[in-house]
Amino acid sequence: MNFLTDNHAIESTEVALIIAVVVLVAYGAYQILGSNIAAAVMDIAGKI
Amino acid sequence: MIPLWMDILILIWLGACLIHDVKSRTVPMLLTVIPLIGVLIWRGVTGDWLLVLLVVVLILASDLPKNWRVGLAALGGLILLSFVDRRLIPIVLAILGIWATWEIGAMGGADAKILIALSLIYLDIRLLIPISIMGGVHGLIAFWKKEKKIPYTLAITAGTAMFLLTR
């Protein structure tokens, strides 16, 4: 249970900045292309 | 819709996590595992058991050899995406992203568990926006002050409070 037992709660400043940029870009892209992305994901998942 | 008393309880919980994080750079399992398991049980009862299954798969995958765990997580995620309700796809992707961030060592396990628990409670991807912005702002301030590490629970607590006040 590595995931459950890991109690560390710290990030480097660089990681915090990268997470902010990635989440904002991903959310922006999802707002613009949301329905197309959902359809593509469902299509790929359906083929598996 | 989550009742107000539960929002307040969640903010108190996050405050307790923040205090531990600032003091010791860790959050005890009592404050991360117990809430996560509680949320998993609750979501199982409310019928979102596919999300519960995803988190259980990720927890179990974390014990596998490195090459296997990423593959299993990706495969499990894709299979679940084909069954899960369309409105939950962003949450599934967010949970996978949070776990992957922990997996590559970029996020502490306590932060990852708290973020996954919050995602499961609110089932709203917009929760992660203020948290990420607060983390980015805190990261910038810390970078300017030449600090290398930040307690991310501050961003989680402030971001969640902002989300609750503005929704």
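I began with E147(B), which is partly exposed, with a relative accessible area of 35%. The model I am reading is predicted.

**Entry 1: salt bridges near E147(B) and elsewhere**

I looked up the partner of E147(B). The side chains of E147(B) and K145(B) meet in a salt bridge, 4.0 Å from N to O. I then asked how many salt bridges a search of the whole structure finds. Over all chains, the count is seven.

Another of these pairs is D85(B) with R87(B), whose side chains meet at 3.2 Å, N to O. I compared each accessibility with the cut-offs. R87(B) has 55% and is exposed, since exposed means over 50%.

**Entry 2: E103(B) and K66(B)**

Next I looked up E103(B). E103(B) forms a salt bridge with K66(B), and the closest N and O atoms are 3.2 Å apart. Which parts of chain B does this pair tie together? E103(B) lies in helix α5 and K66(B) in helix α4, so the bridge joins parts that are 37 residues apart in sequence. I also noted that E103(B), a charged residue, is buried, at 9% relative accessible area.

Helix α4 of chain B runs over residues 66–83 and helix α5 over residues 89–103. Their axes come within 10 Å and cross at roughly 175°. That makes α4(B) roughly antiparallel to α5(B), because angles over 145 degrees count that way.

I listed the residues that meet. On the α4(B) side they include K66(B), V70(B) and L81(B), and on the α5(B) side they include I89(B), L96(B), W99(B) and E103(B).

On to helix α3 of chain B, residues 49–61. Are α3(B) and α4(B) roughly parallel or roughly antiparallel to each other? Their axes come within 9 Å and cross at roughly 175°. The two helices are therefore roughly antiparallel. Among the residues of α3(B) in this contact are L50(B), L54(B) and L58(B), and among those of α4(B) are L72(B), A73(B) and F83(B). I wrote down that A73(B) and G77(B) are listed in the contact with α3(B) and also in the contact with α5(B).

**Entry 3: L115(B)**

L115(B) is in helix α6 of chain B, residues 109–122. Is L115(B) buried or exposed? At 5% relative accessibility, L115(B) counts as buried, because the cut-off for buried is under 20%. I looked up what surrounds L115(B), leaving aside neighbours within four places in sequence. The contacts are I98(B), M107(B), L128(B), I131(B), Y152(B) and I156(B).

I also checked two distances between C-alpha atoms. L115(B) and F83(B) are 32 residues apart along the chain, and their C-alpha atoms are separated by 23 Å. I37(B) and A117(B) are 80 residues apart in sequence, with 8.5 Å between their C-alpha atoms. I37(B) lies in helix α2 of chain B, residues 29–45, and is partly exposed at 39%.

**Entry 4: positive phi angles**

L123(B) has a phi near 50° and is in the loop between α6 and α7 of chain B. K146(B) has a phi of about 60° and is in the loop between α7 and β1 of chain B. I compared their surroundings too. L123(B) is buried, with a relative accessible area of 17%, whereas K146(B) is exposed, at 75%.

**Entry 5: a nonpolar patch and chain A**

I then went to the surface. L24(A), I133(B), V137(B) and I141(B) form a nonpolar patch with about 310 Å² of accessible area together. Which helix gives the largest share of the patch? Helix α7 of chain B, residues 128–144, supplies three residues. One of them, I133(B), lies in that helix and counts as partly exposed at 36% relative accessibility.

The patch also includes L24(A), so I finished with chain A. Chain A has two helices and one strand, in the order α-β-α along the sequence. Of its 48 residues, 31% are buried. Chain A exposes about 2,800 Å², and carbon and sulfur atoms supply 70% of that.

Methods. Residues are numbered from 1 along each chain as its sequence is written. Chains are lettered from A and ligands numbered from 1 in the order in which they are written. Side-chain values use heavy atoms; hydrogens and water are left out. Patches are made of residues with over 30% relative accessible area and no salt bridge: like charges are joined within 9 Å, nonpolar side chains (Val, Leu, Ile, Met, Phe, Trp, Tyr) within 5 Å. Accessible areas come from the Shrake-Rupley method with a 1.4 Å probe; for residues, only the protein chains shown count as cover. Helices (H or I, at least four residues) and strands (E, at least two) are DSSP runs, numbered from the N terminus. Buried means under 20% relative accessible area, exposed over 50%, partly exposed in between (1.4 Å probe, protein chains only). Axes are lines fitted to C-alpha atoms, for helices over the stretch in contact, and angles run from 0 to 180 degrees between N-to-C directions. Angles under 35 degrees count as roughly parallel, over 145 as roughly antiparallel, 65 to 115 as roughly perpendicular and the rest as oblique. Contact means heavy atoms within 4.5 Å.
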